[in-house]
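Open the model in your viewer and keep the selection panel at hand. Each stop below names what to select, then what is there.

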Amino acid sequence: MYFMILIGQAVIMLFQLRSLMQSSPADYYNPFVQLVAKLTQPVVHLMPFRQAHIGGFFYAGALIALIFALLFWIVFMFVLPSGSDTIISKFLMALVLAFFMFIKSFGYLFLALLLVEAITSWLPSTRSVSYLCAQITSPLVGPIQKIIPPIGMIDISLMLIMIALFALNTLMVKLFGPLWLVF
């Protein structure tokens, strides 16, 4: 079961990454960006609003990720044997779990991008990877960096965003308990 959830999260993260890349100033000719675009293009191409955006955020990839999460949990709810759950209660539970999976996967993806950006910025041979991660995360990190500028060569805004993500995860665990810890 956990392996299936892990694969589901990977697919969701892939479409969320597509949405982030499309919304950011990421270099389209970068091989990694090309790979993500080619992997997601067959599904995104089916969407009638694939180029639609709200305030510069292209939401087709994110919407596909949310739909995939919902379908994933609907299949799980109806395949797994359960007691006297009604169809409506199974659907509502799948809806809640899909939303939580979508949010938590985005947090994992964003945290991974920030960690890769921070680690690769210290190594001269991996500056292009750091630059790509900085481009992808710039729509969300940029406003924080305007408030808290880098101190010398160290950008503490990335660390503060990571701490905020961990605090948010802890808050969600306290609010929703085992439901949040499913993934």
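Start with the largest nonpolar core, which has 18 residues. A nonpolar core here is a set of buried Ala, Val, Leu, Ile, Met, Phe, Trp, Tyr and Cys residues joined through side-chain atoms within 4.5 Å. Buried means under 20% relative accessible area, exposed over 50%, and partly exposed in between, with a 1.4 Å probe and protein chains only. Select Ile 12, Phe 72, Trp 73 and Met 101: these have the most contacts inside the core. Helices α1, α3 (60–79) and α4 (87–120) each supply at least two of its residues. The most come from α3, which gives eight. Another core lies apart from this one and has eleven residues, including Leu 17, Ala 26, Val 36 and Leu 109.

A note on the model before moving on. It is predicted: local features need pLDDT of at least 70, side-chain atom pairs count only at pLDDT 80 or more, and totals for chains, interfaces and linings use all residues. Residues are numbered from 1 along each chain as its sequence is written, and side-chain values use heavy atoms, with hydrogens and water left out.

Now zoom out to the whole chain. It has six helices and two strands. Both kinds are DSSP runs numbered from the N terminus: helices are H or I with at least four residues, strands are E with at least two. In sequence order the pattern is α-α-β-β-α-α-α-α. The C-alpha trace spans about 60 × 40 × 30 Å along its principal axes. Of the 183 residues, 36% count as buried. Take contact as heavy atoms within 4.5 Å. Among contacts between residues at least 6 apart in sequence, 65% join residues at least 24 apart.

Next, select α1 and α3. Their axes are 7 Å apart and pack at about 165 degrees. That makes α1 roughly antiparallel to α3. Axes are lines fitted to C-alpha atoms, for helices over the stretch in contact, and angles run from 0 to 180 degrees between N-to-C directions. Under 35 degrees counts as roughly parallel, over 145 as roughly antiparallel, 65 to 115 as roughly perpendicular, and the rest as oblique. Show the side chains in the contact. From α1 they include Ile 5, Ile 12 and Phe 15; from α3, Phe 68, Phe 72 and Trp 73 are among them. The contact residues divide into 13 nonpolar, four polar and no charged. Ala, Val, Leu, Ile, Met, Phe, Trp, Tyr, Cys and Pro count as nonpolar, Asp, Glu, Lys and Arg as charged, and the others, Gly among them, as polar.

Among the residues in contact are Leu 14, Leu 17 and Met 21 of α1, and Phe 32, Val 36 and Leu 39 of α2. This contact divides into eleven nonpolar, two polar and one charged.

Last stop: helix α6 (residues 156–176), where Ser 157 sits. Is Ser 157 buried or exposed? At 0% relative accessibility, it counts as buried. Leaving aside neighbours within four places in sequence, Ser 157 is in contact with Val 141, Ile 144, Gln 145 and Ile 148. Move to Leu 160, also in α6. Leu 160 is partly exposed, with a relative accessible area of 36%. Draw a distance from its C-alpha atom to that of Ile 148, twelve residues apart along the chain: the separation is 9.6 Å.
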